[in-house]
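Me: Hey, I'm new to this one. Can we go through it together, bit by bit?

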Amino acid sequence: MTNNSYKTLDGPMLSKRSFLKGSAAALGLAGLPLFARGAAAQSGTQGVLSGCHWGVFYGMVEDGRAVEFKPWEEDPHPSPQLPGVMDSLYSESRIRYPMVRRAWLEQGPGADPDGRGSGDFVRVSWEKAIELVANEIVRVRETYVQQALYAGSYGWKSPGKIHNCQTLLRRMLNLTGSYTNSSGDYSTGAAQVILPYVSGSLEVYEQCTTWNNLAENCELMVFWGCNPLNNSQISWQVADHGAWPGIARMKEAGTPVLCIDPVRTETCEALNGEWIAPRPQTDVAMMLGIAHTLYEEGLHDQAFLDRYTAGFDKFLPYLLGQSDGTPKTADWAADICGLPADTLRDLARRFASKRTMLALGYSTQRQHHGEQVHWMLITLAAMLGQIGLPGGGYGLSYHYSSGGSPTHTTPILKAVDDASGQTTEGAAWLAGGGAVSIPVSRFVETLLNPGKTMQFNGHEIELPLINMAYWVGGNPFSHQQDRNEMLRAWRELDTFIVHDVQWTASARHADIVLPATTSYERNDIEQVGDYALSHIVPMKKIVEPVFEARSDFDIFADIAEKLGQGYAYTQGLTEMDWIRKIYEAAKIESRAKGMEMPVFDVFWDSNKPLAFPVTEAQEDFVRHADFREDPLLNALGTASGKFELYSVAIERYGYDDCPPHATWMEPIERLGGPTTKYPLHLAANHPQMRLHSQLCGTVNRETYQIAEREPCWMNPADAEQRGLSDGDVVRVFNDRGQMLAGLKITDEIMPGVVRINEGGWFDPENPREIGSLCVYGDVNILTTGVATSKLAQGNCGHTGVAEVELYEGPLPEVTVFSQPSA
């Protein structure tokens, strides 16, 4: 699309055997098991090895300043975002000193809440900043209650087992008292709650059938709202970019590909896929139309349904219209999703006649009633009867962190914990903690409705009164929907504290801002690939901290010391002591698996990632194969041990917005919907040259901005209807807000839909005015803040409609990427 480098499938492929042999010789480890042969002698011209969400790289340094981040030679597809990663060190938006909002400093907590975001800050010393933070924690806890302090602090914090700032914040707070926490996430808020009822696990963060297996066995690959060649540039840990060689294998195999999406994606183009574009948010209706055809034409697998599922007999009356008088035929579905009924019938026949993999993306459940999408996809896959077969079934993470890359045999690095026994690694961080926990996307609702009783996943939560929010490793003024409602809520806070690297909108709306180091100004250790776990990489400090930045670990250690828990926080260990401790624990675990890792100093000084082996069985992994082979011995984690297409537990909850089986329910607004006021659907896609809002404040912005604004993609027919031209500055608006954008006219998006990538920095023309024009382009000005349902209380980041018109007034200056006044 906007950058051809995403489409390239050629390039260096991993040659594990030759690489590992050479590495073993370099370390003198040729006699050890294969996995220990991944570290080679450091080359003087390689630079300093490190890793980040975008992959493993070498930091090239001249005169103490980073001059290039050079990709690791074994990366199969280095991310083109690395220049922005380096620029995050030095960009104009870098936070340089501890800063305090003037009104808060001079008048006390809660002063002039309307002034948050207007940029009037005072520089203070680190000693003063630590004192202010510690005293405010004590004041809030003593004046109100423990839960008046919110430390949900959600976001894509930096990778690394030591400097996980969200864990470190909770560690400090757990040692000194308690707080209100958050549970769940924005990525899969609906799916992660519904799926344990349906398939017995979170599922969305678990391994899929591998790309190798797909290339050998899949006869029809369906990417449904799923775009690996964009999203898998990044990983929660350090990216391995395994999606690129995986998709290259499928291309070489000639696997037919079908892409169901409002946008013709990079993945669709690279695989020469067939593009089908239904109306957004109508996926459930479309799936029901396909399912009805399967049943009507006898194409479903009743034997699979009988042996491996529970509740199909209770779902069937709904599908056939016996329970509500509306058969979910292809013709019925066509009226909703906007595709010809014959297309849906043809899809049913193709799915049933081929070994078909249904790969679903997270975006499909970030909508009103989003719980239903993943449930209906699994129902459809169960009717096809291919779950657990090579190359068939369904997969829910092919687009995330290179899901489908085979998992290597490796020890798991343990992280610093939060002093309550939890970390924020893996799925543990979804569980909550603290005095009370609220669903993460319901923080705004909580601020506006203290004391309200909220239904959530079968129980009730009384929303606490929150007076202070402490945020690290995230940017709530990006990921939360309905920005103007959020601004109203933020006025309820006495105090908002932020640690960050750059002056995001969240930092600009804070009362106390503490400059944190990037990953490249400290040492850490991490694993490569969320699913592959192929290497352990030393994340070495590349340069000394710029200006007065300090690591979150050191900041919280000082706060803990001020609150009388300094030693309990650090355990008397330095940064390198912690890294060595974590490595040595992994070394013991690896030895129990019959392998031997090099001693820590050899690993650290090698300047190479340490590789681990992958077996043929791991490379050929099939999701749910064990369950299919023996559903009693390998039962799922549901009440019945089977896929539950009807949930008795959910039926007991009696929620009016989440029935006990997959159901089509009208969202509050959609393209072609019965009550929709505005004519264009907003596709708030994952950006191509940043990670959510990360790197928006760097040189990467120059590769995609239009008229210094966030791009708005529009189909030529929609542009012609509005008299718009490519490159125009347009106003995008609805009843929730308004923003400017630069227009990109392209036939890679369907008519009736505009694409504005999420993560653009919020830049209000008048920060004191709720509803003010966002002059750069934050799409969450326009999206709805309602919850998916009472079951999951997830976010609806892809629910939103708007109108677009030419902006004819004087163009306001974009200021969010510069230093605020001080």
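Me: Let's start with Pro-228: buried or exposed?
Reply: Keep in mind that this is a predicted model. Pro-228 is buried, and its relative accessible area comes out at 0%.

Me: Which helix does Pro-228 lie in?
Reply: Helix 8, which covers residues 228-231.

Me: And what is Pro-228 in contact with, leaving aside neighbours within four places in sequence?
Reply: Pro-228 is in contact with Trp-211, Phe-223, Ala-243, Trp-244, Ile-247, Thr-267, Tyr-398 and His-399.

Me: What separates the C-alpha atoms of Pro-228 and Ala-516?
Reply: A distance of 31 Å, and along the chain the two are 288 residues apart.

Me: New topic. How many disulfides does the structure hold?
Reply: It holds 0 disulfides. Take Cys-208: the nearest cysteine sulfur belongs to Cys-226 and is 8.3 Å away.

Me: Is Cys-208 itself buried or exposed?
Reply: Buried, at 2% relative accessible area. Cys-696 is in no disulfide either, with the sulfur of Cys-774 as its nearest, 10.0 Å away. Cys-696 also counts as buried, having 0% relative accessibility.

Me: OK, what about the largest nonpolar core? Which residues touch the most other members?
Reply: Those are Trp-224, Met-286, Phe-351 and Val-732, in a core of 139 residues. Helix 16 (residues 371-384) gives this core its largest share, 10 residues.

Me: Tell me about Phe-351. What is it in contact with, sequence neighbours within four places aside?
Reply: The list has Leu-220, Val-222, Trp-224, Leu-258 and Ile-290, and also Thr-356, Leu-358, Leu-380, Leu-384 and Gln-386.

Me: What does the second, separate core include?
Reply: That one has 49 residues, among them Ala-560, Ala-586, Met-597 and Phe-600.

Me: Switching to helices: at what angle do helix 5 and helix 21 cross?
Reply: Roughly 5°, with their axes coming within 10 Å. Helix 5 is residues 165-176 and helix 21 is residues 552-562. With that angle, helix 5 is roughly parallel to helix 21.

Me: Which residues make the contact?
Reply: From helix 5, Cys-165, Leu-168, Leu-169 and Met-172. From helix 21, Asp-552, Phe-553, Phe-556, Ile-559 and Ala-560.

Methods: Residues are numbered from 1 along each chain as its sequence is written. This is a predicted model: local features need pLDDT of at least 70, side-chain atom pairs count only at pLDDT 80 or more; totals for chains, interfaces and linings use all residues. Side-chain values use heavy atoms; hydrogens and water are left out. A disulfide is a pair of cysteine sulfur atoms within 2.5 Å. Buried means under 20% relative accessible area, exposed over 50%, partly exposed in between (1.4 Å probe, protein chains only). A nonpolar core is a set of buried Ala, Val, Leu, Ile, Met, Phe, Trp, Tyr and Cys residues joined through side-chain atoms within 4.5 Å. Helices (H or I, at least four residues) and strands (E, at least two) are DSSP runs, numbered from the N terminus. Contact means heavy atoms within 4.5 Å. Axes are lines fitted to C-alpha atoms, for helices over the stretch in contact, and angles run from 0 to 180 degrees between N-to-C directions. Angles under 35 degrees count as roughly parallel, over 145 as roughly antiparallel, 65 to 115 as roughly perpendicular and the rest as oblique.
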